[in-house]
Amino acid sequence: MKPEQITAWALEEASAEERQQLEAELHENPQAKQNAEETKQFCHFLLAELRDESLALTDKQRERLQAQP
């Protein structure tokens with residue numbers, strides 16, 4: 001299992017075949033499964049934080065940026 005495979009699984013970006021293969025491997029290795037679940041929780045945490053609309057630029061900030069040469 002490569003870290004990028006676990007990340008793709010955690011972000012639900014893995015294909016059905018990749019997901020099945022990874023989950024079969026995780027079923028055989030409890031420590032890897034725990035690590036993968038922690039990665040999934042962390043990815044979902046980041047996604048929720050990065051989608052925070054309060055971090056978006058205001059219209060005035062956007063206009064100022066677009067006016068820069």
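Me: How many aromatic pairs does a search of the whole structure find?
Reply: One aromatic pair turns up in this predicted model. Ring centres must lie within 6.5 Å to pair. A pair of aromatic rings is described by the distance of the centres and the angle of the planes.

Me: What makes Lys-40 count as lying over the face of Trp-9?
Reply: Lys-40 is placed at 4.8 Å from the ring centre of Trp-9. The limit for a charge over a ring is 6 Å from the centre, together with an angle within 35 degrees of the ring normal. The distance of 4.8 Å is within 6 Å, and Lys-40 is therefore listed over the face of Trp-9.

Me: Why is the contact of Asp-59 and Arg-62 called a salt bridge?
Reply: Their side chains meet at 3.3 Å, N to O. The cut-off is 4 Å between a side-chain nitrogen of Lys or Arg and a carboxyl oxygen of Asp or Glu, so this contact qualifies. The structure holds one salt bridge.

Me: Where do Asp-59 and Arg-62 lie in the chain?
Reply: Both are in helix 4 (residues 59-66), three residues apart, or about one turn of the helix.

Me: Are Asp-59 and Arg-62 exposed or partly exposed?
Reply: Asp-59 has 56% relative accessibility, and exposed means over 50%, so Asp-59 is exposed. Arg-62 has 35%, which falls between 20% and 50%, so Arg-62 is partly exposed.

Me: What makes Phe-42, Phe-45, Leu-46 and Leu-50 a nonpolar patch?
Reply: These four residues form a nonpolar patch on the surface, with about 430 Å² of accessible area together. Members of a patch need over 30% relative accessible area, and nonpolar side chains are joined within 5 Å. Leu-50, with 68%, is over that limit, and because 68% is also over 50%, Leu-50 is called exposed. Leu-50 is found in helix 3 (residues 30-50).

Me: Why is Pro-30 called exposed?
Reply: Pro-30 has a relative accessible area of 61%; the cut-off is over 50%, so the term applies. Pro-30 is also part of helix 3. Its C-alpha atom is separated by 26 Å from that of Leu-47, 17 residues apart along the chain.

Me: Which elements does the chain have?
Reply: It has four helices and zero strands, in the order α-α-α-α from the N terminus on.

Terms used: Residues numbered from 1 in each chain as written. Predicted model: local features only at pLDDT ≥ 70, side-chain atom pairs only at ≥ 80, totals over all residues. Heavy atoms only, no water. Patch = residues over 30% accessible without salt bridge, like charges linked within 9 Å, V, L, I, M, F, W, Y side chains within 5 Å. Areas by Shrake-Rupley, 256 points an atom, 1.4 Å probe, with all protein chains shown as cover. Helix = DSSP H or I, 4+ residues; strand = E, 2+ residues; numbered from the N terminus. Buried < 20%, exposed > 50% of the residue type's maximum accessible area, 1.4 Å probe, protein only. Phe/Tyr/Trp six-rings, centres within 6.5 Å; stacked < 30°, edge-to-face > 60°.
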